[in-house]
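Hi,

Here is the structure I promised to pass on to you. Have it open while you read, and my notes on what turned up in it follow below.

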Amino acid sequence: MKVLVKCFSQVKYAIGSNELTVTLKPGSNSADLETMVREQSAGALDDVTLRTAVNKHYVIEPVLLEDGDEVAFIPPVQGG
Amino acid sequence: MIITPQELHNWVSTGRSFIVADIRPEEQRYHFPISGLETIIATAENLPARKKDPLILICQFGVLTEELIFEKNLENAYSLLGGVQSWEAFQIDKLDLSRWSRQTILPEIGMSGQRKLQDSKITIVGIGGLGCPAAQTLAASGLGNLQLIDGDVVELSNLHRQPLYNKNEIGHAKVSVAYNSLQNLNDNLTVIAKEIHLDESNGQELLKDTDVIIDATDNIKTRQVIDRISKILGIPMVYGGLYRFEGQVAVLNHNGGPGYEDIFTPDPAGGDTCGEAGVLGMLPAIIGNIQALEAVKIIIDIKPSLSGKLLLYDGITHETNIINLGVKV
């Protein structure tokens, strides 16, 4: 299955794009996807808290993903 | 030319001679009668003849009469600013709100919304990139009380994104400089400047009598303090944050809605300051103004707001995402 990953702030700069399409095994959840994104960032996100939204709804616990889902990874931002 | 309700009131009080023509349709005249003025019923096509006396033209909101004077190039003619709406509001307590006629004409605001703004107090914590634009537009909007909290001084590197300050004010306390600029924007505004850094020890005292808190800080620790106090005092907080070309806004702790800690955990990590990550000057102006807009919407009760939602704005693509913070497990 394919999901769309939306990358915000530090995630965007760590990945090099504001969105990407990822192919996942059936049964994958949002935490699996976060692990993939962190691995792809080559350590740039190691010290960054990420919050997750699936189809524009915040999630706290990992949720099973479905084909066509949109998953956003949102870090805190500090600037003002 | 325009004349304000206060000026027209002065003309009446001093016995000055003038003619008032009401160009509104009959139904509007019936539902919204004018008090305290002798008027002639007229239309745009059939205005009263006159010799020397000035002509005051009146419509419901003061817009049609301004256009009429411009189109017909009428001499010695005045449009009543804010029209009957502002004139009648002025009769209540002699408070002239006509300068805000372009926003009181909006049904969502009206005179009652404008009076709510006049009677309200907003506190901005941090008068930097986000705080400057928020303070400017709130002062101009007709807010009655604006408290500014910041312990920093103006620095050269602030000037590209903090338009309340100029190079001659480097080294001066931000709140003092901001006080002078904002007070000149609106005589009906009371600015309260607190040259201090907000923290756990002083936060409750500083924020206790405010209606809305705007979090325009540049560090997560102070944001967390504001979040806790906002929750304790039951005062909504409009959060704003920046990262390079991106910004975040949320209305937090409003009517039982989530707070900052609910979004980013009690101990979030990451997120450089503007000094560390860099920021283009226009971005804080956009995000700070969205914060000011949400604060005004809370006070006037215009819905839907960003309560329980996180707005994410990208200044490169202009894409806006709104995340629903209702938790899905």
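B:Asn253 sits in the loop between S11 and H11 of chain B. Keep in mind that this is a predicted model. Most residues other than glycine have a negative phi, and most peptide bonds are trans. Is B:Asn253 buried or exposed? It counts as buried, because 26 C-beta neighbours lie inside 10 Å, and the cut-off for buried is 20 or more.

You'll find B:Lys94 in the loop between H4 and H5 of chain B, just after H4. This one counts as exposed, since it has 10 C-beta neighbours inside 10 Å and the limit for exposed is 12 or fewer.

One more backbone feature to look up: the peptide bond joining B:Lys303 and B:Pro304 is cis, with omega about 0 degrees. B:Pro304 belongs to the loop between H13 and S12 of chain B.

If you take the contacts in chain B between residues at least 6 apart in sequence, 64% of them join residues at least 24 apart.

There is an open sheet of five strands in chain B, and the order is S1-S5-S4-S2-S3, with parallel pairing. S1 (2-3) and S3 (40-41) stand at the edges with a single partner strand each, so one side of each has no neighbour in the sheet. Further in, S4 (residues 55-58) and S5 (residues 77-80) run parallel and are joined by three bridges. As an example of a bridge pair, B:Ile56 has B:Tyr78 in S5 as its partner.

In soluble globular proteins, nonpolar side chains tend to be buried together. The largest core here has 82 residues, and the members that touch the most others are B:Ala135, B:Leu148, B:Ala178, B:Ile214 and B:Ala295. Helix H13 (residues 282-300) of chain B gives the largest share of this core, eight residues. A second, separate core has 20 residues, including B:Val20, B:Leu57, B:Val84 and B:Leu97. Back in the 82-residue core, leaving out residues up to four places away in sequence, B:Ala135 touches B:Ile124, B:Ile127, B:Leu146, B:Leu148, B:Leu164, B:Ala178 and B:Leu182.

I also picked out B:Ile192, which is in strand S8 (residues 190-194) of chain B. It is partly exposed, with 15 other C-beta atoms within 10 Å. Not counting residues up to four places away in sequence, B:Ile192 touches B:Asn145 and B:Gln147.

Then there's chain A. It has two helices and five strands, which run β-α-β-α-β-β-β from the N terminus on. Of its 80 residues, 39% are buried. Its radius of gyration is 12 Å, which agrees with the value near 12 Å for a compact globule of 80 residues. The C-alpha atoms fill a box of roughly 40 × 25 × 20 Å along the principal axes.

Finally, where do the chains meet? 39 residues of chain B are in contact with 26 residues of chain A. On the chain B side, S10 (237-243), S11 (246-252), H11 (260-264), H12 (274-277), S12 (309-314) and S13 (320-324) each supply at least two residues. By class, that side has 18 nonpolar, 16 polar and five charged residues.

Terms used
Residues numbered from 1 in each chain as written. Chains lettered and ligands numbered in written order. Predicted model: local features only at pLDDT ≥ 70, side-chain atom pairs only at ≥ 80, totals over all residues. Pairing = 2+ DSSP bridges. Helix = DSSP H or I, 4+ residues; strand = E, 2+ residues; numbered from the N terminus. Core = buried A, V, L, I, M, F, W, Y, C linked by C-beta atoms within 7 Å. Contact = placed C-beta atoms within 7 Å. Nonpolar A, V, L, I, M, F, W, Y, C, P; charged D, E, K, R; others polar. Rg over C-alpha atoms; globule rule 2.2 N^0.38 Å.
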